[in-house]
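Reader: I am new to this structure and would like to learn how to read it. Please take me through it one feature at a time.

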Amino acid sequence: MMKEQRNEERHSVKKYGRRRRKVRGRIFLLAFMILVGGVLAGCGLTARLFRGIGATGGSRVLAAESTASKEESSAEEETADAEQEELAAACRALYEEYEDLLVLVNKEHAMPEEYEVTLKMLNNGRVEVAEVLYDDLTTMLTEAAEEGGYTYYLMSGYRDAEYQQSLVDADVLSRMTLYGMTEEEALEETLRYVMPAGYSEHKTGLALDIVAAGNSALDESQASEPGILWLHENSWRYGFILRYPEDKEDITQIDYEPWHFRYVGREAAQFLYEQNLTLEELCELADVFDEND
């Protein structure tokens with residue numbers, strides 16, 4: 001009896017042990033599954049978190065770069081505006097001091113009716129110029145001869161309105177005769193080089209057509225003459241500028257004329273040369289003319 005009871009107890013213990021091990025196994029499996037799920041979920045959350053941080057950080061970096069770029073661009077614009085205003089102020093001051101020498105006469109602006117000029121005949125007895133430029137012109141031609149042995153022929157200086165118009169009429173007739181142009185076509189072509197009466201700065205006495213000795217052609221062949229090139233590089237030192245430069249045709253509305261020089265005085269000539277400005281640009285920056293002019 002006692003033996004059977006002990007066997008039954010051992011059997012119950014074994015049965016309980018097996019059940020407990022099963023329960024433990026299930027608990028362990030469940031815990032493992034929960035743990036794995038938590039880890040995986042955590043990884044996903046972490047990834048999303050890092051992605052969020054990365055996206056937010058990248059956005060912030062891009063925003064910062066954009067802000068910096070805008071600030072830099074704004075600073076550059078402010079600097080450019082300040083420099084432009086400084087240049088305009090210099091042009092205004094220069095024009096106010098030398099208004100008579102800087103008078104603008106071109107296709108759009110006729111010579112002022114009240115403008116007066118005192119003339120002086122050159123030694124050749126043929127060309128008259130404004131008396132104010134005589135000494136500087138003489139010095140320039142003398143030093144050109146001394147420095148490089150260059151000599152010149154002065155084709156034209158002061159022209160009155162009647163003579164100026166005769167040049168226009170003769171050129172128009174020549175183009176009609178030689179090239180079969182209509183009068184309108186010939187006039188349009190002529191005005192690329194010659195201004196009509198009242199619109200030529202030659203009437204100021206401040207403009208000169210200077211060619212190299214031995215080459216009297218008023219064409220671009222003058223640009224290859226060493227003496228003319230010397231004038232291009234040095235005339236500003238004597239108060240003269242190359243009036244119609246090659247790279248400013250759209251501004252002057254006159255084709256390149258390597259032989260045409262204009263007296264503006266030494267200070268203005270140096271300023272225009274150093275700033276690479278035409279007379280038109282100086283007057284625009286100085287706000288000389290009203291919009292309705």
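Reader: Which residues are linked in a network of salt bridges?

Author: Side chains of opposite charge can pair when their charged atoms come close. In this predicted model, a network of salt bridges links E201, R243, R262 and E280. E201 lies in the loop between helix 4 (183-190) and strand 4 (207-212), while R262 lies in strand 6, so the pair ties together parts that are 61 residues apart in sequence.

Reader: Are E201 and R262 buried or exposed?

Author: Both E201 and R262 are buried.

Reader: How many salt bridges does the structure hold?

Author: The count is 11. Among them is the one between R266 and D136, at 2.9 Å from N to O. R266 belongs to helix 7 (residues 266-275) and D136 to helix 2 (residues 134-148), so this pair ties together parts that are 130 residues apart in sequence. R266 counts as partly exposed, with 39% relative accessibility, whereas D136 is buried, with a relative accessible area of 13%. Another salt bridge joins the side chains of E85 and R92, also 2.9 Å from N to O. E85 is partly exposed at 44% relative accessibility, and R92 is partly exposed at 28%.

Reader: How do I read a strand? Which strand is joined to strand 5?

Author: Look at what the strand runs beside, then at how much of the strand is covered. Strand 5 is joined by four bridges to strand 6 (residues 257-263), and the two run antiparallel. Within this pairing, Y244 is opposite E257 of strand 6.

Reader: Why is strand 5 described as largely enclosed?

Author: Buried means under 20% relative accessible area. Four of the five residues of strand 5 (residues 240-244) are buried, so the rest of the structure largely encloses this strand.

Reader: What does the largest nonpolar core look like, and which residues have the most contacts inside it?

Author: In soluble globular proteins, nonpolar side chains tend to be buried together. Here the largest nonpolar core has 27 residues, and L133, L137, I210 and F240 are those with the most contacts inside it. At least two residues of this core come from each of strand 2 (128-130), helix 2, strand 3 (152-156), strand 4, helix 5 (226-234) and strand 6. Helix 2 supplies the largest share, four residues. To see how one member sits, take L137: apart from neighbours within four places in sequence, L137 is in contact with L122, L154, L208, I210 and F240. A second, separate core has 20 residues, including Y95, W236, L272 and L285.

Reader: Which residues of helix 5 are buried, and what covers them?

Author: The buried residues in helix 5 are G227, I228, W230, L231, H232 and N234. Their cover includes helix 2, strand 3, strand 4, strand 5, strand 6 and helix 7.

Notes
Residues are numbered from 1 along each chain as its sequence is written. This is a predicted model: local features need pLDDT of at least 70, side-chain atom pairs count only at pLDDT 80 or more; totals for chains, interfaces and linings use all residues. Side-chain values use heavy atoms; hydrogens and water are left out. Buried means under 20% relative accessible area, exposed over 50%, partly exposed in between (1.4 Å probe, protein chains only). Two strands pair if DSSP finds at least two bridges between them. A salt bridge is a side-chain nitrogen of Lys or Arg within 4 Å of a carboxyl oxygen of Asp or Glu. A nonpolar core is a set of buried Ala, Val, Leu, Ile, Met, Phe, Trp, Tyr and Cys residues joined through side-chain atoms within 4.5 Å. Contact means heavy atoms within 4.5 Å.
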